[in-house]
Structures are given as C-alpha cells and as structure tokens.
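Visitor: Hi! I'd like to talk through this fold with you. Where shall we begin?
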Amino acid sequence: MAGKEHSSEGQGIHTDFLQKMTYSDYLSLDQLLNSQHRLSDHHDEMLFIIIHQVSELWMKLILYEIKSATQAVNKDQLPEAFKMLARVKKIQRQIIAAWDVLSTLTPSEYIQFRNKLGNASGFQSYQYRLIEFSLGYKTPHALKIYRKDPLIYQQLEEAYRAPGLYDAVIQALDRAGFPLNQDVIKRDFSDSYRGDATVEAAWLEVYRDVAQYWQLYELAEKLVDIEDFFQQWRFRHMKTVERIIGHKTGTGGSSGVGYLKKVLDHYFFPELWNLRTKI
C-alpha cells in the first residue's frame, strides 16, 4: 500500500506526506536551517553564528517563561510560577554550556573573520536587554540602538517602563500583609531596582518562619536560583571573551571584558542576598 512501510520495524509509520504536515513543516526547518549566512570563507564562522542563534532561541523561551511567571505571581498563583521559574533555571544551564562550545574558537581563528562583523555585537542583543529589564535592571542605551527598528524599539520601551518580575513579587509581599514602604510599590519602574529596607525585613520574616510563609519562601529561592545562574552566565561570557579576544574593545564599541566584569557586581534581588548574612 502506498505511503506505508512494509518492514516489521517500520510497520504503521506514515510515509505519505504529500497532503500532510511534516516535522520539518511544523518547525519551519527550511527557514531555520537556512539562516546561517557566513560573511567569510572561514570554517569557524559557522560555529560563531549558530552559538549565538541558539542562545537567542533560548532567550526567547526565558522571556516567555518570565512573562508568564510574572502574570501568575500577579494572580497569586505561586505554584504555577514555581514551575515556570524552575524551567528558566534549566534553560540558563543550556546557555551557560554554550560558552564551552564557543570557547573552542581560538584567537587565531576568530581574527580571521572578526572584521566581517563590523559593529555588530552581542552587546546589542535586544532579547538579552529584555531579560535584564524583566528582572529590574534598566539601562537606556539599548533603546537608542534600536531606534531604526520601530517594532523592537517599542517592545524595549514598554519593557523599560513596565514593572518586572521582582516588582510583582514585592507586590505579592504587600498583599500578604507585610508593612512595606509604599514608595517601592509605586516607584518609577524605568529606574533600576536598588533595594529597600522594608522589603529586606519582610524577606527576613519569611526566612525565619518558613512553615508559615512556605510559598513566599519557595518563590524567593526560585529567584535566587535565577540570579545565581544569570551570574554564572555573565561570568562564562566574560571568561570566554577574555579567552578569545583578551582585553580588546568589543565590536559594538564596549570595553569588552572590562564591561563584563563590571556587571558581575550587579544584583537583581539584593535583599535576598543581604539576608543571608543577617539571618
């Protein structure tokens, strides 16, 4: 019979897809696998392109999960948020592991095609900036970079001015009855979050009475996981860049390793780290 395998191993397997959707169709593989366009004839440029494309796909999923988790927290659906945030941590592991693959690129190899990048740089990744914005770290330079693309610019500007995941968590603390500084609840969300004594006091109470505040405690630990792995991602990024280009200026004009080292000192959720000294 046409369209069916006759061997015992393949019995029942569909083979006639003239009028049906295939795996390739569903995943748009033709488009995906034809999106790697080398600008040089150097062998290792393919590695460079694919690593960054894969990372951008993982970042897309991170943003999807963080947005959904934020919405769940806003509805006090904390167990649902736990699952999404746990998935973010697993995705972060994949992105961190990608640096191990890229670090097989040596300085001698990279220099053969680096000039082809022009001023293009991972520093300009708008999805990376959206992740930072969603976690409360707001830097305006990304907005300027994407003025030429109205859709991306609008997306960045909206995220820049919107409350992030931690803002939703702080509001959940407020709804739980903790006496919080209302200036934090009503703050200008376009400013990077820098911490507040009343928020820290609330978290200290949560950690000192885990049984009473189990869900808030679990939520806090999910945030710590995400920040921990984000810093590991930043560190592997910095060391991979240092390994490949040393202390050269980045193609996008940043100070390269110097800039990457500086952001290692930034905390998204400062109270959750401070309390570890005080508890």
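This is a predicted model: local features need pLDDT of at least 70, side-chain atom pairs count only at pLDDT 80 or more; totals for chains, interfaces and linings use all residues.

Visitor: Fine. How far apart are the end C-alpha atoms of helix 12, then?
Guide: They are 46 Å apart. Helix 12 covers residues 214-245, and its 32 residues should span 46 Å at 1.5 Å a residue, so the two values agree.

Visitor: And what is helix 12 followed by?
Guide: Gly246, which has a positive phi, near 65°.

Visitor: Let's go inside. How many residues has the largest nonpolar core?
Guide: It has 76 residues, and those with the most contacts inside it are Leu135, Tyr166, Leu173, Val199, Trp203 and Leu272. Helix 12 gives the most to this core, with 13 residues.

Visitor: Which residues is Tyr166 in contact with, leaving aside neighbours within four places in sequence?
Guide: Tyr193, Val199, Trp203, Leu223, Phe268, Phe269, Glu271 and Leu272.

Visitor: New topic: where does Glu109 lie?
Guide: In helix 5, which is made up of residues 107-110.

Visitor: What does the side chain of Glu109 reach?
Guide: The backbone nitrogen of Thr106, at 2.9 Å. Not counting residues up to four places away in sequence, Glu109 also touches His42, Asp44 and Thr104.

Technical notes:
Residues are numbered from 1 along each chain as its sequence is written. Side-chain values use heavy atoms; hydrogens and water are left out. Helices (H or I, at least four residues) and strands (E, at least two) are DSSP runs, numbered from the N terminus. The expected span of a helix is 1.5 Å times one less than its number of residues. Contact means heavy atoms within 4.5 Å. A polar contact is a pair of N or O atoms within 3.5 Å; within protein, one must be able to donate a hydrogen and the other to accept it, and residues adjacent in sequence count only if both atoms are side-chain atoms. A nonpolar core is a set of buried Ala, Val, Leu, Ile, Met, Phe, Trp, Tyr and Cys residues joined through side-chain atoms within 4.5 Å. Buried means under 20% relative accessible area, exposed over 50%, partly exposed in between (1.4 Å probe, protein chains only).
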